[in-house]
Amino acid sequence: MKNKIPLSKSITFLVLLILLSTGAVLGQSVTDIPHEDALKAVLAAKKKAEQMDVLVNIAVVDAGANLKAFVRMDGSYLGSIDVAIKKAKTSRYFDINTGDLGKLTQPGGIIYNIELSNDGLVTFPGGVPIKNEAGKIIGAIGVSGGTIEQDHDIATVGAMAILD
């Protein structure tokens, strides 16, 4: 006697194979910044800071806002270590430049005092989301130690470096 598989089971099996091959069955699918790109972003930002003659701390976080790469330039402020990391995390938490977020957190702003959440956010310039070639946010970079304008410029260079 020939074993026949019912058509419905065959179709179900085929659909399952298609879903598995496309990754659609995975419970969590996050595009994360590879460590090579995290290091590339940090080094590009450091080079920009050196060109500007500014001593800074530079932090890159992954898509989950976990620290992926960090550098403290010799002589940079110790207090800026935590600020750089928090700028990167804040930028990733909200997928926005921290300076733009800061405009919304001012007295009377729609999210006034949000910086008191998440174990402390930083809502002034220097945190920038990092996007891959497809435009998907894969992490963020935070820079602290210069003026807020310098921090933002340095972070922007680092974020853009992975696209080169």
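These legends walk through several views of one predicted model.

View 1. Welcome to the overview: the protein chain holds five helices and four strands. Following the sequence, these elements come in the pattern α-α-β-β-α-α-β-β-α. Of the 164 residues in the protein chain, 36% are buried. Among contacts between residues at least 6 apart in sequence, 64% join residues at least 24 apart. The protein chain exposes about 9,600 Å², and 58% of that comes from carbon and sulfur atoms.

**View 2. The four-stranded sheet.** Here the strands make an open sheet with the order E2-E1-E4-E3 and antiparallel pairing. Strand E2 (67-72) and strand E3 (127-131) are the edge strands; each has a single partner strand, so one side of each lacks a neighbour in the sheet. On average, neighbouring strands of this sheet are turned by 15° against each other, direction ignored.

View 3. Zooming in on one pair, E3 meets strand E4 (residues 137-144) in the antiparallel sense over five bridges. Although E3 is an edge strand with a single partner, four of its five residues are buried, so E3 is largely enclosed by the rest of the structure.

View 4. Helix H2 (residues 35-52) lies across strand E1 (57-62), E2, E3 and E4, and runs at about 25° to E2. Helix H5 (residues 148-161) lies across E3 and E4, and its angle to E4 is about 150°.

**View 5. Helix H3 and what covers it.** How far does helix H3 (residues 79-94) reach from its first C-alpha to its last? The span of this 16-residue helix is 23 Å, close to the 22 Å expected at 1.5 Å a residue. The buried residues of H3 are Ser80, Ala84, Ile85, Lys87, Ala88, Thr90, Ser91 and Arg92. An α-helix has 3.6 residues a turn, so residues three or four places apart point the same way. The cover over the buried residues of H3 includes E1, E2, helix H4 (98-104), E3, E4 and H5. Just after H3, look for Asp95, which takes a positive phi of about 50°.

Methods. Residues numbered from 1 in each chain as written. Predicted model: local features only at pLDDT ≥ 70, side-chain atom pairs only at ≥ 80, totals over all residues. Heavy atoms only, no water. Pairing = 2+ DSSP bridges. Helix = DSSP H or I, 4+ residues; strand = E, 2+ residues; numbered from the N terminus. Axes fitted to C-alpha atoms, helices over the stretch in contact; angles between N-to-C directions. Contact = heavy atoms within 4.5 Å. Expected span 1.5 Å × (residues − 1). Buried < 20%, exposed > 50% of the residue type's maximum accessible area, 1.4 Å probe, protein only. Areas by Shrake-Rupley, 256 points an atom, 1.4 Å probe, with all protein chains shown as cover.
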